[in-house]
Amino acid sequence: MASQRVLVVGTTPDYIAHIDTRYPGRALFLTDPVLRRASREPAPDEMSELLVDLMQSDRVMSLLTEHLSHYGLELSGIVCYDCEWLTLAAQLAARLRLPYPALPAVRLSRSKYLTKQRWIEHGIPCPAVKLVAATDDALAFARKVGGEIVLKPLTGSGSELTFHCEDQARILQAMRIIAKGLTQRGSLPMYQPDNESTAYIDPRSAVVAEAFIAGNEYSADILLDGAHFEIIRIARKYRGDDYPFGTTLSYELPASDHELHDYPQLADILRRAAESLGLQRSLCMVDFIIGSEGPTLIELTPRIGGDCLPPLIEMSCGLDTIALALDFAEGKTITLPPADRWRHMIGRRLFAAHAGHIRHIDISRAAADPRVKDIYLKRAPGHRVVLPPKDYDSWLLGHILFAPATRPNIIIQADQLASLVKVEMETEDDQKRVSVHPAGR
């Protein structure tokens, strides 16, 4: 009898190690060979991982077919945790006849412009939006909306090349930085053109302008399965004034803000937002802001929330959302933890303050604090840090998960704990000079 596996498309070695260690024999991983070569985590056995250039979809399908036949495997579902491979996952699912969000819906969700166009058509609250090809277009849009705007790539992730522009000078600067950044990133999977899409827009040259929305920002995971809809979790996001716009420093889970209770229509808005994109059965991550006009949606993507959210959620209520995605892919019954099981937890992300090579990271003082439940470092000595806007990934060092005390406020506590993580670096300006600084300050 053939062994049943969930196909996991294009995820990172840390997720692979998590699944392979906790749920051995559960998944077959399609992995980028470049990520595997740079990985600190052990690789699964040869049956459980297929190394292939994921940019070549036809070759992926051919090698996958051979792999399944060679090892006597059958696929019971398909899941993708990473934005850049959602389209590939949808293409594979269609060819393999596995349940997954339809390709047109995935394409819509991948475009920050087309998503909002569709939401506006369906009356879903979101910022005014325009695709801008030149600086004059961005300036005209700012005049039209009568205020501050946000400029960002069409298909980027998180805060990458995202700028809050208060005036003309900032718009001019942001457009130059984005244009240069997209040129440098032209070969990356996140920014590859989808020539087969009927609404083709080249993400390597497109810039999205949105009206700036002031307010508190949140992140949610939702479950949509036909008529059944549930909010899995809502986390409050906290930013830092001295960090690139859009950078989340901390997540609070569950979100404790009373303003959420003032909008009982929020669940209906989130459900309609997913359905308006053509999603019928999916786990989705949604970012939204609650401002003076109520909830305003910023982004929705058909995958669970990433970053430090999976371990934070598990620490709070015991739910492993990485495993939840595997269960959902196989059509298993999903039971979510009741509201009274969620503990108040904070996830503080750790960032390098300087470019250079990491010499040493000391977490001992932070680990000794009784509030701290877990510290995860994704970087090791020797790692080269490149700061934004050149690179938005290498400066992220890891995270701290902690249960906050009653006083002082959670932002102060998060910053205090981050300051206890000491990072020694050799700067690129002078390899002989070593700077010691707190992470993320």
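Trainee: Does F288 count as buried or exposed?

Mentor: This is a predicted model. Buried means under 20% relative accessible area. F288 has 0% relative accessibility, so F288 counts as buried.

Trainee: Which ring pairs with F288, and how are the two arranged?

Mentor: Ring planes under 30 degrees apart count as stacked. The centres of Y218 and F288 are 5.4 Å apart and their planes lie at 15°, so this pair is stacked. Y218 is in strand β9 and F288 in strand β12, so the pair ties together parts 70 residues apart in sequence. Y218 is buried too, at a relative accessible area of 0%.

Trainee: Which charged end sits over the ring of Y218?

Mentor: That of R236, 6.0 Å from the ring centre. Elsewhere, the charged end of R281 sits over the ring of F328, 3.8 Å from its centre.

Trainee: How many aromatic pairs does the structure hold?

Mentor: Six. One of them joins Y15 and Y81. Planes over 60 degrees apart count as edge-to-face. Here the planes are at 70° and the centres 5.3 Å apart, so the pair is edge-to-face. Y15 lies in helix α1, Y81 in the loop between β4 and α4. Both Y15 and Y81 are buried. Y243, F351 and W395 form one aromatic cluster.

Trainee: Now a strand. Which strands pair with β6?

Mentor: Strand β7 pairs with β6 in the antiparallel sense over three bridges. Strand β8 also runs antiparallel to β6, joined by five bridges. V150 has H164 of β7 as its bridge partner. L151 has A209 of β8.

Trainee: Which way do the residues of β6 point?

Mentor: I149, L151 and P153 point one way, V150 and K152 the other. All are buried.

Methods:
Residues are numbered from 1 along each chain as its sequence is written. This is a predicted model: local features need pLDDT of at least 70, side-chain atom pairs count only at pLDDT 80 or more; totals for chains, interfaces and linings use all residues. Side-chain values use heavy atoms; hydrogens and water are left out. Buried means under 20% relative accessible area, exposed over 50%, partly exposed in between (1.4 Å probe, protein chains only). Helices (H or I, at least four residues) and strands (E, at least two) are DSSP runs, numbered from the N terminus. Two strands pair if DSSP finds at least two bridges between them. Rings of Phe, Tyr and Trp (its six-membered ring) pair if their centres lie within 6.5 Å; planes under 30 degrees apart count as stacked, over 60 as edge-to-face and the rest as tilted. A charge sits over a ring if NZ of Lys or CZ of Arg is within 6 Å of the ring centre and within 35 degrees of the ring normal.
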